[in-house]
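Thanks for making the time this morning.

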Amino acid sequence: MRVARTARATTDYEAATGRIAGLPFRRHHVLLVAWTVLWFFLVEPSGGFSWHYLRQGEQLLFSGQPDGGLSLYARHPELQIGPVSLAAARLTAPFSPHTGQLVAEAASAALGLVMLVVVGRTAALYYLGTGTNHRRLQQRLLIAGLAFIPMWVEVSVRFAHLDDVLALFFTTLAAHALARGKPIQVAVFLALAVDSKPWAVAFAPLILALPRPAWLRTALWFALLVAVAWLPFYLGNLDTMAAAKFTIPNQPASALRWFGVTDPATPWWDRPTQFALGIGLGSIAVWRGRWPAVVLLGADARILLDPSVYTYYTASILLGTLLWDAVGQKRLVPWWSWIALAALYGGTLLLPSDAARGFARLAFVVVSAAYVLFWPTQQPRRPRATGQGDGGRRSARRRERVLVGAGS
């Protein structure tokens, strides 16, 4: 009888978590791994488009050359790559250039799978105590992940932008730390994101989603860790300030064109406005109780105001839609992940003109931002454990914690 009960409990646990019988894997994880491997081998032969920037940057940073070390950003403003990313790229130095690039691409692609697992656990924690259906959550992650992976391979393999990869990875960890109620970890991960790629500062409003008493301490830790990484370069060579004025061409397909901005390069006001808009929209989302929208809104601001139209930018949008689809709402079908993929990536490939592609970017930003900020959504309501039935509710919460630990 006891053996039968144990076998039944094991079967129930495997059914609840989606675990494949006798193996430490879940069905949706296996499918996502296979999907990632497929895309990796499809893209890798033409991959590594921008890896030479990482390679050049790490060599200069750790060299004694006059244009390296703490003078790196003053002498090479085109290297808009954070010091944490250059330190990570340094790990590939013992390999040949081709092997190092391949290692970086494979590791970056694998981080995308880790992020999917982390987002699943973040959603499970966020809805802890609300009777979360973990099988539905896994299905939602699988469907959203099928849209996320192609764009993740775009940034991690085709362009080999380790800096963007790390910025988005650390931001995902910050969202998970937020769901766990760990203020210092939120500060550390957000700072590492900014220290990997400066535009990640748009995700700082996640700090405001913490309890109010933790705001000041978390913000101070965040500012301190950002300063530790960047301040030595500004003190080591005052010309580093000029790196912030580095410009790139204003592409005909950018959304900026629809605002009448025809400057041939980045307008002087563009970057500050981009950061301010992302932080402002993210702060409004937190104020409205919708912190899972912060990453999408920060990425929206980048897409809206950036003069360039590289396809790897869409990876930040897809992380934002993934967090929104998994954590911000409980619909089974993660529509926004697929809408983003179709509008931004599909539009790049299929729309006939630069003006049409720019309009698609503008329309997606406006509609997605309006939706996550104002469309009615079902917020989690955790039952208050009072009166009769407390033991059953506590037992249910313990069971949910086991499922969260198992990995959604």
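Predicted model: local features only at pLDDT ≥ 70, side-chain atom pairs only at ≥ 80, totals over all residues.

Let me begin with the helix pair. Two packed helices are described by the angle between their axes and the distance between the axes. For helix H6, residues 97–126, and helix H13, residues 314–328, the angle is about 35° and the axes are 9 Å apart, and the crossing is right-handed. On the H6 side the contact is made by Met115, Leu116, Val119, Thr122, Ala123 and Tyr126, which meet Leu319, Leu322, Leu323, Ala326 and Val327 of H13. By residue class, that contact divides into 10 nonpolar, one polar and no charged.

Is Ser337 buried or exposed? Its relative accessible area is 1%, and because the cut-off for buried is under 20%, Ser337 counts as buried. Leaving aside neighbours within four places in sequence, Ser337 is in contact with Ala144, Ala147, Leu318, Thr321, Leu322 and Asp325. Ser337 and Leu319 are 18 residues apart in sequence, while their C-alpha atoms are 8.5 Å apart in space.

After H8 comes Gly181, with a positive phi near 75°.

Finally, the aromatic rings, for which the count comes to 19 pairs. One of them is Tyr73 with Trp230, a tilted pair with 5.3 Å from centre to centre and 40° between the planes. Because Tyr73 lies in helix H4 and Trp230 in helix H10, this pair ties together parts that are 157 residues apart in sequence, and both residues are buried. Phe159 and Tyr312 also form a tilted pair, since their ring centres are 5.0 Å apart and their planes stand at 55°. Here Phe159 belongs to the loop between H7 and H8 and Tyr312 to the loop between H12 and H13, 153 residues apart, and both Phe159 and Tyr312 are buried. Ring pairs also join these two with Phe49, Tyr310 and Tyr313 in a cluster.

Technical notes: Residues numbered from 1 in each chain as written. Heavy atoms only, no water. Buried < 20%, exposed > 50% of the residue type's maximum accessible area, 1.4 Å probe, protein only. Contact = heavy atoms within 4.5 Å. Axes fitted to C-alpha atoms, helices over the stretch in contact; angles between N-to-C directions. Helix = DSSP H or I, 4+ residues; strand = E, 2+ residues; numbered from the N terminus. Left-handed = near helix turned anticlockwise from the far one by under 90°. Nonpolar A, V, L, I, M, F, W, Y, C, P; charged D, E, K, R; others polar. Phe/Tyr/Trp six-rings, centres within 6.5 Å; stacked < 30°, edge-to-face > 60°.
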